[in-house]
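The following exercises concern a single structure.

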Amino acid sequence: MQNRKLLLAALALCVAAFFFFDVGRFFSLDYLKSEQASLEALYASRPWLVISVFFLAYVAVTALSLPGAAIMTLAAGALFGLFTGTLIASFASSIGATLAFLVSRYLLRSSVEDKFGEKLKTFNRNIDKDGAFYLFTVRLVPVFPFFLVNLVMGLTSLRTGVFYIVSQLGMLAGTMVFVNAGTQLAKIDSLGGILSPAIIFSFALLGIFPLVAKKVIDMIKAKKRYDGYTRPEKFDNDIVVLGAGSGGLVTSYIGAVVKAKVTLIEKGDMGGDCLNTGCVPSKALIRSGKLMHNINHSDKYGVHNASGEIDFPRTMQRIHEVIAKIAPHDSVERYTELGVNVIKGEGRITSPWTVEVNGQTLTTRNIVVATGGSPFVPPIPGLDQVNYLTSENLWELKTQPKRLVVLGGGPIGSELTQAFRRLGSEVTQVEREGQIMGREDADVAEMVRQRFVAEGIQVMVNTNAVGVEVNGEDKQLVCEQDGETIRIPFDEIIVAVGRKANTQGFGLEELGVSLTDRGTVAVNDYLQTDFPNIYAVGDVAGPYQFTHVASHQAWYAAVNGLFGMFKKFSVDYRVIPWATFTDPEVARVGLNETDAKEKNIPYELTTYGIDDLDRAIADSSDYGVVKVLTKPGKDKILGVTIVGEHAGDLIAEYVLAMKHGLGLNKILGTIHIYPTLSESNKYAAGEWKRAHQPHKVLAWVEKFHAWRRG
């Protein structure tokens, strides 16, 4: 910081001196003409001295972004001729521009990123990808002030070497025009006369050329990708969607709303995993478990002799009733009424424009792959000898397992672990990493682990499952922990170690659509695959496996597919929230401490303990914490983690704040109803404000009050 201040002071002094001593008078056309003869004589007698001084002066003027570069380019032509003048001016201007670029980056970039960091991420991604083309374009078009280009590009992620080389090449044509004009200095009456409209238009065409060329190359590449496939002359559909989960349903809905012809194909149940085997049934199970937990702990509410016992078949029946009650929202009937052609069957992509289903071939301008994901089952020896459960088939259980092993400490595994324990099963949770809920901060994961242990769950971390042994009715999971072999007996085992994208069996392999290292379909910022008219959304595309993200992506896929010829939209992942519905719930948006440290992002941490919140105390749910990461010294929110009752609901205020650039001061200044859990957000903002009190000002205010009291 001190070095920046010194550099800024030095630059300010140089600029002030330039104007105070009226140095600009030496950079005028009249002065150059009046001194041309004497300058030429000096150059003839001491050429290297003149070249050196001229070169350094040119570099300094350009580096300081001072007016005069155009006059000096003319002077280069007048003194040194076309070839030598162009050589000197070209290198001097490029070096000076690069110095201005570096000064801007050193002095301004961090503060600009602090204020507009999230908005700059997409811009910088484009700069990383096509920055050389953009810079070359603006360098060729004289209407863009070169000094402004230097300063603005310094704020981006463009590499210094690329900036220099592209500047050297891009400014060469304009430099030659001015140097050539300088060789005819006597004929020039004004700088405006050098750049006629015809010349500016020619430069503009040159500037547009690299971008046009890139577009043409992209079109050629895309056309080549379609080699071997015959494009239909007419299309039955605007969009064919594979998969009726969240991503597919929202894509179809949007297409129907804008009057596109949409066909939605689903081989299983409408609503996808979230409705039938994921979000909905798991939350219904969690609710039953929580009720049983409250009954077992009713004494703390002053209720004696409360009792209850689990009717497990009825509990599972209720889950299916909940699914059935929500199912009409995602039903064939509803989407048919919306105008979507819904086909129950197994679709297969046979070309970039055709999909086969139930013996018929559909032609379509666009295809959206929304085939979701499925539980990943690790290759554990002996696992196939038992009827292991996953999040897909456990909802068919009729008998409650007495001894249950949950393999996996992620969100799914943790939710099921606690729910089954509260229903009365003896549960052992096995996680091979050092903590459960590995995406969360260690202290957050520890809060949940402690609650699990208090409820009687055996949580085993740093434990690797290496096999399953079956001896008659006896089943054991064999694990290794700290070099020791451990055997865990079980009646049922749930495998919840993660999910994999459903990318096989419907034509992607035959088309040669690329996959990522994670096994998801590779898509660009517009959610396009290798084939620009084939899109992918949801779990099959990643990078997030959340229902709400699939819905979010669906808008971009639908709009880009239907209207991309006019305008395409890059999918926005800036503010993605999620929650794990354990008790306490854990909700997150943006960075946590672990992320910030891994990415070397400076932050300040503000915490508010929910054990201090009036409503939480009244509800006997006074546990948990609000953790807010902010920019050092500022109230800009980088990320929030909430642990506690209804954390998944409480996080919404921070999601809104981050999405629209609101800081903690705005949250603090918002009225929150008393007594509610939402006050925890306001109190967290108050903790930040307390830590940033203007102590010096308050000391003077205290003296002011003392003076007024006499």
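A residue is called buried under 20% relative accessible area, exposed over 50%, and partly exposed in between. The model used throughout is predicted.

**Exercise 1.** Classify asparagine 366 by its accessibility and list its contacts.

Solution. Step 1: asparagine 366 is part of strand S6, residues 360–369. Step 2: the relative accessible area of asparagine 366 is 7%, and the residue is therefore buried. Step 3: residues up to four places away in sequence are not counted; asparagine 366 then touches Asp238, Ile239, Val240, Asn533, Tyr535, Gly561 and Leu562.

**Exercise 2.** State how many disulfides the structure holds, and assign the handedness of the one formed by cysteine 274 and cysteine 279.

Solution. Step 1: a disulfide is a covalent bond between the sulfur atoms of two cysteines. Step 2: the structure holds 1 disulfide. Step 3: cysteine 274 and cysteine 279 form a disulfide with their sulfur atoms 2.5 Å apart. Step 4: the torsion about their S-S bond is about -125 degrees, so this disulfide is left-handed. Step 5: cysteine 279 has 32% relative accessibility and is therefore partly exposed. Cysteine 479, at a relative accessible area of 0%, is buried.

**Exercise 3.** Describe how helix H11 and helix H12 pack.

Solution. Step 1: two packed helices are described by the angle between their axes and the distance between the axes. Step 2: for H11 (residues 279–296) and H12 (residues 312–326), the angle is about 135 degrees and the axes lie 9 Å apart. Step 3: that angle makes H11 oblique to H12. Step 4: the crossing of H11 past H12 is right-handed. Step 5: H11 contributes Val280, Pro281, Ala284, Leu285, Arg287 and Ser288, which meet Thr315, Arg318, Ile319, Val322, Ile323 and Ile326 of H12.

**Exercise 4.** Explain why the buried residues of helix H5 are on the same side.

Solution. Step 1: within H5 (residues 146–154), Val149, Asn150, Met153 and Gly154 are buried. Step 2: these residues cover an arc of only 125 degrees around the axis, so they are on the same side of H5. Step 3: an α-helix has 3.6 residues a turn, so residues three or four places apart point the same way.

Technical notes
Residues numbered from 1 in each chain as written. Predicted model: local features only at pLDDT ≥ 70, side-chain atom pairs only at ≥ 80, totals over all residues. Heavy atoms only, no water. Helix = DSSP H or I, 4+ residues; strand = E, 2+ residues; numbered from the N terminus. Buried < 20%, exposed > 50% of the residue type's maximum accessible area, 1.4 Å probe, protein only. Contact = heavy atoms within 4.5 Å. Arc of directions from axis to C-beta. Disulfide = S-S within 2.5 Å. Axes fitted to C-alpha atoms, helices over the stretch in contact; angles between N-to-C directions. Parallel < 35°, antiparallel > 145°, perpendicular 65-115°, else oblique. Left-handed = near helix turned anticlockwise from the far one by under 90°.
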